[in-house]
Amino acid sequence: MLTYKCFKCEKKIVAKNLEKRFVCPNCGGKIFYKPRTKVKKVRAV
Ligand SMILES: [Zn+2]
């Protein structure tokens, strides 16, 4: 299942819930990102 993450409250939102209104049901934020894009943290030694 495709899920987005709210940029504001960082809650996961199922893509289905964003079909009609692209607004976060939790905080009303309008910026989302896909948690799929995992960023590897690289520590500089
Ligand atoms: Zn939110």
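Visitor: What percentage of the 45 residues of the protein count as buried?
Guide: In this predicted model, 7% of the 45 residues count as buried.

Visitor: And how many helices and strands does the protein have?
Guide: The protein has three strands and zero helices. Along the sequence, the pattern reads β-β-β.

Visitor: What order do the strands take in the sheet?
Guide: The three strands form an open sheet in the order 2-1-3, and their pairing is antiparallel.

Visitor: Which strands stand at the edges, then?
Guide: Those are strand 2 (12-14) and strand 3 (32-33). Each has a single partner strand, so one side of each is left without a neighbour in the sheet.

Visitor: How do strands of a sheet pair in general?
Guide: They pair through backbone hydrogen bonds, in either a parallel or an antiparallel manner.

Visitor: Over how many bridges do strand 1 and strand 2 pair?
Guide: Strand 1, residues 3-6, pairs with strand 2 over three bridges, in the antiparallel sense.

Visitor: Which residue in strand 2 is the bridge partner of Tyr-4?
Guide: The partner of Tyr-4 there is Ile-13.

Visitor: A change of topic: where does Asn-17 lie?
Guide: Asn-17 belongs to the loop that runs between strand 2 and strand 3.

Visitor: Why is Asn-17 partly exposed?
Guide: Asn-17 has 14 other C-beta atoms within 10 Å. A residue counts as buried at 20 or more and as exposed at 12 or fewer, so a value in between makes it partly exposed.

Visitor: What share of the contacts with a separation of 6 or more comes from residues 24 or more positions apart?
Guide: Such residues account for 26% of those contacts in the protein.

Notes:
Residues are numbered from 1 along each chain as its sequence is written. This is a predicted model: local features need pLDDT of at least 70, side-chain atom pairs count only at pLDDT 80 or more; totals for chains, interfaces and linings use all residues. Helices (H or I, at least four residues) and strands (E, at least two) are DSSP runs, numbered from the N terminus. Two residues are in contact if their C-beta atoms, placed from the backbone, lie within 7 Å. Two strands pair if DSSP finds at least two bridges between them.
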